[in-house]
Amino acid sequence: MPVTDPIADMLTRIRNANRAGKDHVDVPASRVKLSITKILKDEGYIKGFKNMKGAGPQGTVRLFLKYGPEGQRVITDLKRISMPGIRRYAGAREIPRVLNGLGIAIVSTSAGIMTDRQARRRNVGGEVLCSVW
């Protein structure tokens with residue numbers, strides 16, 4: 001069954017698995033989802049990921065979720081900002097800060113998908129995909 005917003009589907013799968021205390025979650029693969037996954041790994045929100053071929057024509061990405069020493073969640077919440085019906089664009093100076101810098105916003109720019117801090121440093125704007133904290 002086709003999904004109208006694959007990024008929102010990915011974020012919802014991560015959110016649900018995180019709240020259920022699962023150690024991993026499988027998401028259908030795409031280049032955009034793989035870029036978002038790499039950012040989550042680099043920023044320390046997930047332990048790691050594995051790009052698995054096979055299941056379906058596009059394969060899947062398995063994300064290994066991260067929890068604190070007493071089982072508390074590292075990802076408090078994920079929020080989709082720009083949606084297919086309502087696109088949210090921001091210039092380099094208008095990119096939102098998530099919880100005053102404690103979280104990250106993931107931005108799709110002409111230089112690729114990056115965090116809000118990287119976009120401000122490179123002085124590029126783009127579509128604000130989601131925020132993670």
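I began with the largest nonpolar core, which has 24 residues, and those with the most contacts inside it are I14, I36, L40, L63, I75, I106 and V132. Such a core is a set of buried Ala, Val, Leu, Ile, Met, Phe, Trp, Tyr and Cys residues joined through side-chain atoms within 4.5 Å; buried means under 20% relative accessible area, with a 1.4 Å probe and protein chains only. Two or more residues each come from α1 (6-20), β1 (24-28), α2 (31-42), β3 (60-65), β6 (104-109) and β8 (126-132). α1 gives the most, with five residues. Helices (H or I, at least four residues) and strands (E, at least two) are DSSP runs, numbered from the N terminus.

A note on the source: this is a predicted model, where local features need pLDDT of at least 70 and side-chain atom pairs pLDDT 80 or more, while totals for chains, interfaces and linings use all residues. Residues are numbered from 1 along each chain as its sequence is written, and side-chain values use heavy atoms, with hydrogens and water left out.

Next I looked at α1. I found I7, M10, L11, I14, R15, A17 and N18 buried there. Their cover includes β1, α2, β3, β4 (78-80) and β8. After α1 comes G21, with a positive phi near 80°.

Then I checked L129, in strand β8. L129 is buried, at 4% relative accessible area. Beyond four places in sequence, L129 touches I7, I36, R80, I81, S82, I106, V107, S108 and I113, contact meaning heavy atoms within 4.5 Å.

Notes
Buried < 20%, exposed > 50% of the residue type's maximum accessible area, 1.4 Å probe, protein only.
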